[in-house]
Amino acid sequence: MVALDEMLRAFSLRAFSATTFGLLLGIVVAQLIDSSGLFIRVDDDTRWLIRLGLFLGFSYIGMVLAMRSNKEDFSLIIPYVRFARRGDKPDQLILLGHQRGD
């Protein structure tokens, strides 16, 4: 449990969700290319290698692109999720009133 806690210390929800989104997007793109019919005339052994390369390659590209995106790019995809650093305090405005003494 201690080792797992140490591994997850640098874990962030933004990184996990961006990686998951990129992975899913890569799988969808690879599936679209695989089902397009480009590799129908290829034998089964070669087609298996092509599919493996497609899924691994596009999954990796999707994860890398999602991880490199900034917060604003990711919020366009999931508009209701906002990531903020812990400890950031909002800008505060202090208004001081002036009282007249007549």
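Predicted model: local features only at pLDDT ≥ 70, side-chain atom pairs only at ≥ 80, totals over all residues.
Which residues of α3 are buried? Residues are numbered from 1 along each chain as its sequence is written, and side-chain values use heavy atoms, with hydrogens and water left out.

The protein chain contains four helices and zero strands, and from the N terminus its elements follow the order α-α-α-α. Helices (H or I, at least four residues) and strands (E, at least two) are DSSP runs, numbered from the N terminus.

Let me turn to confidence. The pLDDT is the predictor's confidence in each residue, from 0 to 100. The protein chain has an average of 76, and 68% of the residues score at least 70. Helix α3 has the highest confidence, with a mean of 87, while helix α4 (residues 71–77) has the lowest, at 57.

Helix α3 covers residues 44–68, which makes 25 residues. From its first C-alpha to its last it reaches 36 Å, close to the 36 Å expected at 1.5 Å a residue; the expected span is 1.5 Å times one less than the number of residues.

I now return to the opening question. The buried residues of α3 are L54, S59, G62, V64 and A66. Buried means under 20% relative accessible area, exposed means over 50%, and partly exposed lies in between (1.4 Å probe, protein chains only). Helix α2 (13–34) is included in what covers these residues of α3. In the protein chain, buried residues make up 16% of the 102 residues.

One of the buried residues, S59, has a relative accessible area of 9%. Leaving aside residues up to four places away in sequence, S59 touches G22, L23, G26, I27 and L54. A contact here means heavy atoms within 4.5 Å.

What happens at the start of α3? There, a side-chain oxygen of D43 reaches to within 3.3 Å of the backbone nitrogen of D45. The side chain of D43 also makes a polar contact with the side chain of T46, at 3.1 Å. A polar contact is a pair of N or O atoms within 3.5 Å; within protein, one must be able to donate a hydrogen and the other to accept it, and residues adjacent in sequence count only if both atoms are side-chain atoms. T46 is in helix α3 and counts as partly exposed, at 34% relative accessibility.

My last topic is the salt bridges. A salt bridge is a side-chain nitrogen of Lys or Arg within 4 Å of a carboxyl oxygen of Asp or Glu, and by this rule the count comes to two. In one of them, D34 pairs with R47, the closest N and O atoms being 3.4 Å apart. D34 lies in helix α2 and R47 in helix α3, so this pair ties together parts that are 13 residues apart in sequence. The side chains of D34 and R51 also meet in a salt bridge, at 2.7 Å from N to O. Because R51 lies in helix α3 and D34 in helix α2, this pair ties together parts 17 residues apart in sequence.

How exposed are these partners? D34 is buried, with a relative accessible area of 5%, whereas R47 is partly exposed at 29% and R51 is partly exposed at 34%. Together, D34, R47 and R51 are linked in a network of salt bridges.
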